[in-house]
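Subject: Structure handover

Hello,

Here is the structure I promised to pass on. Please open it first, then read my notes below.

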Amino acid sequence: MSDELDLDALLNEHIPLAQPAAPSLDDLVQAWVSERTAPELLPYEQRLIDHIADLLRKQIEHVEETSGMDARTGFKLVIIQTEMERVKYLIRSYLRARIAKIDRYALHILKSPEQLARLSHLERQYLQKHQAVLERHFHTAFLRDLPDNGNLRRLDDTTAAGVSMVTAPDLKQAVFCRVLKESNQVRVGAEKEDLEEGSTVLLRYESIKGLILDGSVALM
């Protein structure tokens, strides 16, 4: 019947505004995986998130302009909307993974210029307000009742045994990663190893931290 949808032909057609997002979607997926896998905060992907958000806005405009047309167009819009929901899920999950680390390692991040530099402007505002509320709550709940001497009222104190009260990420955590560029003399414990391009390895995060940041290695 002429009114039936030819699914194969439909999927082979160009869907407006969907194709240009494909390369960036791969980058978004990798940023999402890396942030969820790395024990510490990674640099915020400002350019990538802004680019994806702009593409989503254009897709929404396209859907609004073409909705209510024939069945063929309607089916294409369903495909586009499904892909949009997938992208929005990735962005939300990426941001939630970062917020979870900010909540857990707030004092550590505040004391580390390197970590602070990895936050977006909004994340930095959230961190400062979150920590202010937390400190105010602790002070009202019990800190004000402690003797006002020494560091008893401090949240970033260090015990007599030299143990810091500040929770920090475990950089010795083992992570799976894919080698994108051959890297020589990577320290693995007391030895140094060469990482072959295309290989998949399990190493301590601290051993490949620099390689992740320069794009030589991708977390899995």
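Gln131 is buried, with a relative accessible area of 5%. Here buried means under 20% relative accessible area, exposed means over 50%, and partly exposed lies in between (1.4 Å probe, protein chains only). Gln131 sits in helix α7, residues 121–141.

A word on the source. This is a predicted model: local features need pLDDT of at least 70, side-chain atom pairs count only at pLDDT 80 or more, and totals for chains, interfaces and linings use all residues. Residues are numbered from 1 along each chain as its sequence is written, and side-chain values use heavy atoms, with hydrogens and water left out.

Now the whole chain. It has eight helices and five strands. These are DSSP runs numbered from the N terminus: helices are H or I with at least four residues, strands are E with at least two. From the N terminus, the order is α-α-α-α-α-α-α-β-β-β-β-α-β. Of the 220 residues, 34% count as buried. Among contacts (heavy atoms within 4.5 Å) with a separation of 6 or more, 64% join residues 24 or more positions apart.

Last, Phe176. This residue belongs to strand β1, residues 174–179. Phe176 is partly exposed, at 48% relative accessible area.

Regards
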